[in-house]
Amino acid sequence: MNVDCTEMRRRIESSIGYAMEPDERDEIERHCAACESCRAYRDRLLSDHSRLAEFAAPREESIGRVQERAIERVRAAEWAPLGRAGRVVARIPRIATIAAAAAAVIIAFIVIDLIRGAANGPVPAFAAVQEKMQKADNVVYRVRLWNVGEWTTYTEGRALSRISRRDFEDSTVVKDLRSRLGNTELRLYPSERRAVIAREVYNDTCSRCDAKGRKRPDGLSSLTGWYKQKGFSFVRKERSHGRNMAVYERGPSSDSTQTHGERHPSSNSKQTHRVTAWVDLETELLARLEVVSPRRGPNDAYPYSLRLNDFLPSGSKAAGWIELKPNEPCMILDNFRWNAISDTSYLSTVPPAGYRVETEKPEDPDELSGYHHARGIARALSNWLDLSGNVFPDDIHDLTDSTKVKPLILVKFRRGVDPAEEFRAAYRYADLLSGNNTAIWILERMLNTPIHYSGKDAVFGDSKRAICWIKEGNEPYHIIYADLHVAASPTMPKSAGE
Amino acid sequence: MGDGPDRKLVEACMRGDREAYAGLVRLHAGRVYAVCLAIVGSEADAEDLAQEALVRGFMKIASLRDRDRFGPWIATVAGNLSRNFLRQRANQARLLSTQADCSGKEPESLSDLRRALWKLPEQHRIPLMLYYFDATSTESIAATLGISPKAVHMRLSRARGELRKLLENMEAHDER
C-alpha cells in the first residue's frame, strides 16, 4: 500500500454515511477503479456499515420498552417537576412520616434488644465459630492492607471448591486450585478488555488430591491465615453496625524475637501480631478482623534497614506522619458476606466474551532445580547492576548486606523533593530486591549449597566470562555469565574457579 | 432530530404537564439508550439505566438552564448514571455474563462485530453507537457530546477505520 492509498483509505473511511462533494466522490471512484486493494477496503467498510445498522436494528424494541416504562413511571409519579425549593416543601409531609416511622423502628429494636437480653446472652466458643466458618460454601469480604503509608483495598471471594477471586480497582484475579496437575489463574483487565490465562504445571500429581484428581476440600481454612490459629479468647460484647457482636482477641506472645515466622505471619511459629475478631452473634460467623503488627511501629526496620528518617529533612519527626500509630491495625477484613456467591461466572476461569485472551507459557515442571536457582541469582545480580550502574559486587553476599545495598538505594531514590513518596518508592523497591534475593538465602541456608562467585572485576555484557556457578546434587554445574545468561555444563567453569 | 422543538415541551413540562415530558421521552429515548449501552455494554442494564435517566430527567428538569438543550442534558445525565453504575458495581462478572448471553442470541457475524465494538475506546464508541442506534445526524451527535460536527465526523471516520482493523485482526486470529 503506497502513501496515496493510505490517504485514500482515510478519505474512504470519512465518506461512509456522509454526503461528499461530487469532485471528492469522483476522485475516490477513480482511485478505487484502478486500485483493487482500496476497492476491497471500501467494500469491507460498506459491509461493516450495513452490519452496524443491522446490529442496531433489533434495539428498536429495547428503545420502545424504555419509552413505555419511563412514560408510565412519570405518569404514575407522585411528585411534580418543581424547582429545588418547591421539591423540599412538597416533601415535608413525607419527611415527617419517614422520620416518625424510623423513630418507631429504632425504639422497637431497642426494646427487642432489651427483651432478648443481648448484653447477657451466651457467646459461642471461638472453636465453634471456626467450625461453622469452615463448613460454609463460600464467602466474600473486603481486604484492606497497609503498606508504608498507603492502603491497598480489594474484594476477595473464596469457595469451598478451592477457587478464589480478587477484585482490585483495575483488575481481577481468579485462581482455581482444584486440579492435581496444576493451578490455573485468570487475570482480567476490564479497561483493556484483556484476559491472561496462566497455568502452573506440577511435575508430579498433587499429594493433596484424591483419587479422582480433586483437591481434598479443606473448607475455607485458608481464608485469612488468622482465624484458624488457636488462642482466641472472648473479650467483650458490643453492638456494631446494628448487630450484636462477640469480640475475641489473640496474641501477641511474650517472646517477640523476630523470626521467619514474622515475615510469613500465617505460619504458627510465633504470635507476634495481635488479632481481633468480631463475630456476629446471630449468624455466629466472622464479621470483621483486624491485625495489629508490632513491626509497623515508627522505629521498625524495613528491608535493607530503610527508615523513614533517612528520607526526612534533619530534625523532622517520623512518628504519626507516614507510619501507623502503635495499636493501629495494618490489615482489616470486613464486609463479610457468607454463602453469598450464587453467580457461577463469578468464580469461573473462562475468559469472558469480548476479551482478548493471552496465554502465559507455564514454567517447565521438569526444569532442574539448579537452573531455577541460578536464574534467581542472575535476577538478583541484575537488580544490583541496576543500582550500582552496571558494576558487579565484590562478593555475592553484598546483595543481601544492608550496609551495602542501603546506600545504593538512597542514592537512587532520595532526591529531597517529596520524602514520603521517595520513601514509599524506595521501600517498594527494597521489598522487591529482598524478594529476588531469596534465591541466595534458600541456597545457602536451606539447601546448604555454596555459591561460587568471581565476578568482582567482570565487565557486564561479557557472554564468555563465567562469574558464578552452583552445583546441586547430581545435576550439572549451572553457570551464570557476565551477560547474566545461565547455562548448564558437565564441567566446572575455568574462569570462575576459585 | 433537532433540539429546537424541545423548548416548548420543556416549558410545558416545567408547568407540570406530564404528557409534554412523554413527548420528550419519545424524542430522546433512542439517544439515551445508545449512550447507556455504549458505556455499560449490556442491553438489559442499558434499558434499566435509560429508563432511570429519563425518570430522573423529569424530576430534575427544573435545573435545566438552556431549554433548547434537553437532548445533550439528558444524554449527560444518562452518561453519568451509567458510569456511576459501572463504578459502583462490585461484581464485574455480572456484566461479563450478560454480554456473553446477548452475543449468544446473535448471528456469528454480528457477535464478532459486538466484540470489536467493545474494543473501541469510549470516545469513538459513543458517537458510533449514537449514529447507528439513534439514527442521528452528526450535528445532533455533536450537540449531545458537546463537540463540533467536524470532530464528530472525524471520530466516526476513525472509529470505522479502527473497527475494520479490529475485525481483520479477529478474522486473522480465527483463521490461525
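User: What makes the place of A:Asn335 a strand of chain A?

Analyst: In this predicted model, A:Asn335 belongs to strand β11, residues 331–338 of chain A. The backbone of A:Asn335 has a positive phi of about 55°, although the residue is not a glycine.

User: On what basis are the numbering and the values set?

Analyst: Residues are numbered from 1 along each chain as its sequence is written, while chains are lettered from A and ligands numbered from 1 in the order in which they are written. The model is predicted, with local features needing pLDDT of at least 70, side-chain atom pairs counting only at pLDDT 80 or more, and totals for chains, interfaces and linings using all residues; side-chain values use heavy atoms, leaving out hydrogens and water.

User: Why is A:Asn335 called partly exposed?

Analyst: Its relative accessible area is 46%. Buried means under 20% relative accessible area, exposed means over 50%, and partly exposed lies in between (1.4 Å probe, protein chains only). A:Asn335 is therefore partly exposed.

User: Where is A:Asn339 placed, and what is its phi?

Analyst: A:Asn339 lies in the loop between β11 and β12 (356–360) of chain A. Its phi is positive, about 50°, although A:Asn339 is not a glycine. A:Asn339 has a relative accessible area of 46% and is partly exposed.

User: What makes A:Asp334 and A:Arg142 a salt bridge?

Analyst: The N to O distance between the two side chains is 2.7 Å. A salt bridge is a side-chain nitrogen of Lys or Arg within 4 Å of a carboxyl oxygen of Asp or Glu, so the pair qualifies. A:Asp334 lies in strand β11 and A:Arg142 in strand β1 (residues 138–147), so the pair ties together parts of chain A that are 192 residues apart in sequence. A:Asp334 counts as buried at 5% relative accessibility, whereas A:Arg142 is partly exposed at 26%. As background, side chains of opposite charge can pair when their charged atoms come close.

User: How many salt bridges are there over all chains?

Analyst: The count comes to 38. Among them, A:Glu238 and A:Arg236 meet at 3.0 Å, N to O. Both partners are partly exposed: A:Glu238 has a relative accessible area of 25%, and A:Arg236 stands at 33%.

User: Why does the pair of B:Glu122 and B:Arg83 count as a salt bridge?

Analyst: The side chains meet at 2.8 Å, N to O. This pair links distant parts of the chain, with B:Glu122 in helix α7 (residues 122–133) and B:Arg83 in helix α4 (residues 70–88) of chain B, 39 residues apart. B:Glu122 counts as partly exposed at 31% relative accessibility, and B:Arg83 counts as partly exposed at 30%. Elsewhere, salt bridges that share partners join A:Arg44, A:Asp48, A:Arg51, B:Arg164 and B:Glu168 into one network.

User: Which residues gather in a patch of negative charge on the surface?

Analyst: They are A:Glu21, A:Asp23, A:Glu24 and A:Asp26. Patches are made of residues with over 30% relative accessible area and no salt bridge; like charges are joined within 9 Å, and nonpolar side chains (Val, Leu, Ile, Met, Phe, Trp, Tyr) within 5 Å. Asp and Glu count as negative, Lys and Arg as positive, while His and the chain ends are not counted. The place of a charge is taken as CG of Asp, CD of Glu, NZ of Lys or CZ of Arg. A:Asp23, in helix α2 (residues 22–34) of chain A, counts as exposed at 61% relative accessibility.

User: Which residues make the nonpolar surface patch?

Analyst: A:Trp441, A:Met446 and A:Leu447 make this patch of about 300 Å². Accessible areas come from the Shrake-Rupley method with a 1.4 Å probe; for residues, only the protein chains shown count as cover. A:Leu447 lies in the loop between α11 (438–446) and β13 (452–453) of chain A and is partly exposed, with a relative accessible area of 40%.

User: Which residues does A:Glu200 touch?

Analyst: A:Glu200 touches A:Leu181, A:Gly182 and A:Asn183, not counting residues up to four places away in sequence; contact means heavy atoms within 4.5 Å. A:Glu200 is in the loop between β6 (194–199) and β7 (233–240) of chain A. Its C-alpha atom is separated by 5.7 Å from that of A:Pro362, 162 residues apart along the chain.

Terms used: Helices (H or I, at least four residues) and strands (E, at least two) are DSSP runs, numbered from the N terminus.
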